[in-house]
Amino acid sequence: MKRAAAEILREYGPFPDAERINGVTYDGKNVWFATGDKLKALDPESGTIVQSIDVASHAGTAFDGEYLYQIAEDRIHKVDPKTGKVIATIPAPGNGGDSGMAWAEGSLWVGEYRAHKIHQIDPETGKVIRTIESKRVVTGVTWVDGELWHATWEGEEGDLLRIDPESGDVLQEVAMPSGVSGLESDGGGCFFCGGGSSGKIKAVRRPGHTGK
């Protein structure tokens, strides 16, 4: 297994009216992050907040190319970012123990923190399609180039882990300077990592990538 220290490319925040970062996603232009009662959009180039939506946002956040998905306690809300309206709601698989969330291959992938699980679910119904067991707690989830990564946060420590989606074995480990509360790839050489109660977001180089 490969283990390395995180290379921090940039740090954002803390932000006004955002004491916590509960989840992060990327829409191809902006980084959206959950603060508890709002979803905020951050321009990663300028570091400024460009949009805010009033919606319950207690854990993971995802984007399917058109809509945002946001965990709110034991539910997942589908949110239209253009209007800020919740247009659909499905049950969350962890019944309130849910953490990170990602969109990939037409499914939502939802972390269940203490159960050390990642559930692939139908975004229309919430039905669990399959479950991946991890060896660690799950606080953020992202797929990039066929690789499944998830974040951890135990005590004051955090990691980014690439795991085998069949066995759950850890294939690669990136040590973070603190716990991670949300993880998303930009589709290239960067991970965006939520910093929980620090109210900050870190941009971290994806291992093996020399570009941004």
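## The largest pocket

The lining of the largest pocket is made up of 5 nonpolar, 7 polar and 3 charged residues. Here Ala, Val, Leu, Ile, Met, Phe, Trp, Tyr, Cys and Pro count as nonpolar, Asp, Glu, Lys and Arg as charged, and the others, Gly among them, as polar. The model is a predicted one: local features need pLDDT of at least 70, side-chain atom pairs count only at pLDDT 80 or more, and totals for chains, interfaces and linings use all residues. Residues are numbered from 1 along each chain as its sequence is written, and side-chain values use heavy atoms, with hydrogens and water left out.

This pocket has a volume of about 240 Å³. Of its 15 lining residues, R20, H58, A59, D98 and S99 are the closest to its centre. (On a 1 Å grid over the protein atoms alone, a pocket is an open set of points with protein on both sides within 12 Å along at least five of seven lines, a cavity is a set where a 1.4 Å probe fits but cannot get out, and lining residues have an atom within 4 Å of a point.) Strand β11, residues 98–104, gives the most to the lining of the largest pocket, with 3 residues. (Strands are DSSP runs of E, at least two residues, numbered from the N terminus.)

## The second largest pocket

Which strand gives the most to the lining of the second largest pocket? Strand β11 does, with 3 residues. At least two lining residues come from each of β3 (23–26), β11, β15 (140–144) and β19 (183–185).

The second largest pocket holds about 150 Å³ of space. Of the 13 residues that line the second largest pocket, Y26, F63, W103, E184 and S185 are the closest to its centre. Its lining divides into 6 nonpolar, 4 polar and 3 charged residues.

## A ring pair across the chain

A search of the whole structure finds 5 aromatic pairs. One of them joins Y26 and F192: the ring centres are 5.5 Å apart and the planes stand at 35 degrees, so the pair is tilted. (Rings of Phe, Tyr and Trp, its six-membered ring, pair if their centres lie within 6.5 Å; planes under 30 degrees apart count as stacked, over 60 as edge-to-face and the rest as tilted.)

Y26 sits in strand β3 and F192 in strand β20 (residues 190–194), so the pair ties together parts 166 residues apart in sequence. F192 is buried, at 4% relative accessible area. (Buried means under 20%, with a 1.4 Å probe and protein chains only.)

V31 has L42 in β5 as its bridge partner.

Another open sheet of 4 strands runs β7-β8-β9-β10, again with antiparallel pairing. Its edge strands are β7 (61–63) and β10 (86–91), and each pairs on one side only. Strand β9 (75–79) pairs with β10 in the antiparallel sense over 5 bridges. R75 stands opposite P91 in β10.

The structure holds 1 cavity of 30 Å³ or more. How much space lies in the largest cavity? About 40 Å³ lies there. The cavity is lined by M176, S178, G179, V180, C193, G194, G195, K200 and K202. These residues divide into 3 nonpolar, 4 polar and 2 charged. (A volume is the space filled by probe spheres set on the grid points, which are joined across faces, edges and corners.)

Key:
Two strands pair if DSSP finds at least two bridges between them. Buried means under 20% relative accessible area, exposed over 50%, partly exposed in between (1.4 Å probe, protein chains only).
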